Amino acid sequence: MSNVSKAYGTLERVIDGDTAVIRFTSFSKKNQYDIGHRETIRLRRNSAPELGERGSKQAKKALFDRLNGVRIEASIYARDCYTRLVGDLEPATPFYGRAR
(Lines give C-alpha, C1' and ligand atoms only; values in the text may rest on other atoms or scores of the structure.)
Protein backbone atom coordinates (compact mmCIF):
# COMPACT_ATOMS: atom_id res chain seq x y z
CA MET A 1 0.00 0.00 0.00
CA SER A 2 1.32 3.41 -0.89
CA ASN A 3 -0.49 5.30 1.91
CA VAL A 4 1.51 3.67 4.67
CA SER A 5 3.36 5.83 7.17
CA LYS A 6 6.29 4.35 9.07
CA ALA A 7 7.13 5.40 12.58
CA TYR A 8 9.34 3.96 15.30
CA GLY A 9 8.82 4.01 19.01
CA THR A 10 8.61 2.25 22.32
CA LEU A 11 5.75 0.62 24.16
CA GLU A 12 4.01 2.82 26.72
CA ARG A 13 1.31 0.28 27.63
CA VAL A 14 -0.90 -2.46 26.26
CA ILE A 15 -4.61 -1.75 26.48
CA ASP A 16 -5.78 -5.18 25.33
CA GLY A 17 -4.62 -7.93 22.99
CA ASP A 18 -5.00 -5.83 19.86
CA THR A 19 -4.41 -2.24 21.05
CA ALA A 20 -1.30 -0.57 22.44
CA VAL A 21 -0.02 2.92 23.21
CA ILE A 22 3.28 3.76 21.52
CA ARG A 23 5.61 6.71 22.16
CA PHE A 24 7.23 7.74 18.88
CA THR A 25 11.02 8.10 18.86
CA SER A 26 11.58 8.57 15.11
CA PHE A 27 9.58 8.55 11.91
CA SER A 28 9.67 8.62 8.14
CA LYS A 29 9.25 11.85 6.18
CA LYS A 30 5.78 10.69 5.11
CA ASN A 31 3.97 11.18 8.43
CA GLN A 32 3.10 13.93 10.86
CA TYR A 33 3.97 12.44 14.23
CA ASP A 34 6.27 14.29 16.60
CA ILE A 35 9.05 12.58 18.49
CA GLY A 36 7.79 11.93 22.01
CA HIS A 37 4.15 11.96 20.84
CA ARG A 38 1.97 9.09 22.14
CA GLU A 39 -0.67 7.39 20.03
CA THR A 40 -3.06 4.51 20.57
CA ILE A 41 -2.65 1.97 17.77
CA ARG A 42 -5.20 -0.73 16.94
CA LEU A 43 -3.62 -3.72 15.22
CA ARG A 44 -4.90 -4.02 11.67
CA ARG A 45 -4.90 -7.79 11.19
CA ASN A 46 -5.64 -8.92 14.71
CA SER A 47 -8.84 -9.39 16.64
CA ALA A 48 -8.33 -10.27 20.28
CA PRO A 49 -10.94 -10.91 22.98
CA GLU A 50 -12.23 -7.76 24.69
CA LEU A 51 -11.19 -7.15 28.29
CA GLY A 52 -13.11 -9.46 30.59
CA GLU A 53 -13.76 -12.04 27.89
CA ARG A 54 -12.20 -15.50 27.93
CA GLY A 55 -8.59 -15.32 26.72
CA SER A 56 -8.28 -11.54 27.07
CA LYS A 57 -5.56 -11.67 29.77
CA GLN A 58 -3.49 -14.09 27.70
CA ALA A 59 -3.86 -11.95 24.55
CA LYS A 60 -2.84 -8.80 26.42
CA LYS A 61 0.18 -10.54 27.94
CA ALA A 62 1.23 -11.97 24.56
CA LEU A 63 1.21 -8.48 22.96
CA PHE A 64 3.13 -7.05 25.93
CA ASP A 65 5.74 -9.83 25.80
CA ARG A 66 6.22 -9.28 22.05
CA LEU A 67 6.70 -5.50 22.18
CA ASN A 68 8.06 -4.68 25.64
CA GLY A 69 11.66 -3.54 25.82
CA VAL A 70 12.28 -3.38 22.07
CA ARG A 71 12.20 -0.65 19.44
CA ILE A 72 8.88 -0.94 17.59
CA GLU A 73 8.24 -0.33 13.90
CA ALA A 74 4.71 0.93 13.29
CA SER A 75 3.19 0.75 9.80
CA ILE A 76 0.23 3.11 9.97
CA TYR A 77 -2.64 2.86 7.49
CA ALA A 78 -5.52 4.99 8.80
CA ARG A 79 -7.52 6.22 11.78
CA ASP A 80 -10.63 4.44 12.97
CA CYS A 81 -13.92 5.88 14.21
CA TYR A 82 -12.46 6.08 17.75
CA THR A 83 -9.51 8.22 16.45
CA ARG A 84 -7.02 5.41 17.07
CA LEU A 85 -4.36 4.76 14.48
CA VAL A 86 -4.80 1.46 12.67
CA GLY A 87 -1.67 -0.40 11.68
CA ASP A 88 0.87 -3.11 12.22
CA LEU A 89 3.36 -3.20 15.10
CA GLU A 90 6.52 -5.26 14.83
CA PRO A 91 9.77 -5.39 16.76
CA ALA A 92 12.15 -3.32 14.61
CA THR A 93 15.15 -5.04 13.08
CA PRO A 94 18.23 -3.89 14.96
CA PHE A 95 20.68 -1.79 12.97
CA TYR A 96 24.24 -2.78 13.62
CA GLY A 97 25.99 -0.51 11.10
CA ARG A 98 29.44 -1.10 9.69
CA ALA A 99 32.43 -1.98 11.78
CA ARG A 100 35.01 0.78 11.94
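Student: What helices and strands does the protein have, to begin with?
Tutor: The predicted model contains one helix and five strands. Along the sequence these elements follow the pattern β-β-β-α-β-β.

Student: And how many of the 100 residues are buried, as a percentage?
Tutor: Buried residues account for 36% of the 100 residues. The accessible surface of the protein is about 6,800 Å², and carbon and sulfur atoms contribute 50% of that surface.

Student: Which strands pair with β4?
Tutor: Strand β1, residues 5-16, runs antiparallel to strand β4, residues 72-79, and five bridges join them. Strand β5, residues 85-91, also pairs with β4 in the antiparallel sense, over seven bridges.

Student: Which residues stand opposite Glu73?
Tutor: Tyr8 stands opposite Glu73 of β4. In β5, the bridge partner of Glu73 is Glu90.

Student: Going on to the hairpin of β4 and β5, how many residues lie between the strands?
Tutor: There are five residues between the two strands of that hairpin. Thr83 is found in this loop, and it has a positive phi of about 70° although it is not a glycine.

Student: Is Thr83 buried or exposed?
Tutor: Thr83 counts as exposed because its relative accessibility is 54%, and the cut-off for exposed is over 50%.

Student: Where is Ile22 found, and is it buried or exposed?
Tutor: Ile22 is found in strand β2, which spans residues 19-27. Ile22 counts as buried because its relative accessible area is 0%, where buried means under 20%.

Student: What is Ile22 in contact with, leaving aside neighbours within four places in sequence?
Tutor: With those neighbours left aside, Ile22 is in contact with Gly9, Thr10, Leu11, Glu12, His37, Arg38, Glu39, Ile41, Ile72 and Leu89. Ile72 is 50 residues from Ile22 along the chain, and their C-alpha atoms are separated by 8.3 Å.

Student: What about Thr19, where is that found?
Tutor: Thr19 is also in strand β2. At 3% relative accessibility, Thr19 counts as buried.

Student: Which residues does Thr19 touch, not counting those up to four places away?
Tutor: On that basis, Thr19 touches Val14, Thr40, Ile41, Arg42, Leu63 and Arg84. As for distances, Thr19 and Ser47 are 28 residues apart in sequence and 9.5 Å apart in space, C-alpha to C-alpha.

Student: Now the helix. Is Leu67 buried or exposed?
Tutor: Leu67, whose place is in helix α1, is buried, with a relative accessible area of 0%.

Student: And what is Leu67 in contact with, again leaving aside neighbours within four places?
Tutor: Leu67 is then in contact with Leu11, Ile72, Leu89, Glu90 and Pro91. The C-alpha atoms of Leu67 and Ala20, 47 residues apart along the chain, are separated by 9.4 Å.

Student: One last topic, aromatic rings. How many aromatic pairs does the structure hold?
Tutor: The structure holds zero aromatic pairs.

Student: What sits over the ring of Tyr77, then?
Tutor: The charged end of Arg44 sits over the Tyr77 ring, 3.7 Å from the centre of that ring.

Notes:
Residues are numbered from 1 along each chain as its sequence is written. This is a predicted model: local features need pLDDT of at least 70, side-chain atom pairs count only at pLDDT 80 or more; totals for chains, interfaces and linings use all residues. Side-chain values use heavy atoms; hydrogens and water are left out. Helices (H or I, at least four residues) and strands (E, at least two) are DSSP runs, numbered from the N terminus. Buried means under 20% relative accessible area, exposed over 50%, partly exposed in between (1.4 Å probe, protein chains only). Accessible areas come from the Shrake-Rupley method with a 1.4 Å probe; for residues, only the protein chains shown count as cover. Contact means heavy atoms within 4.5 Å. Two strands pair if DSSP finds at least two bridges between them. Rings of Phe, Tyr and Trp (its six-membered ring) pair if their centres lie within 6.5 Å; planes under 30 degrees apart count as stacked, over 60 as edge-to-face and the rest as tilted. A charge sits over a ring if NZ of Lys or CZ of Arg is within 6 Å of the ring centre and within 35 degrees of the ring normal.
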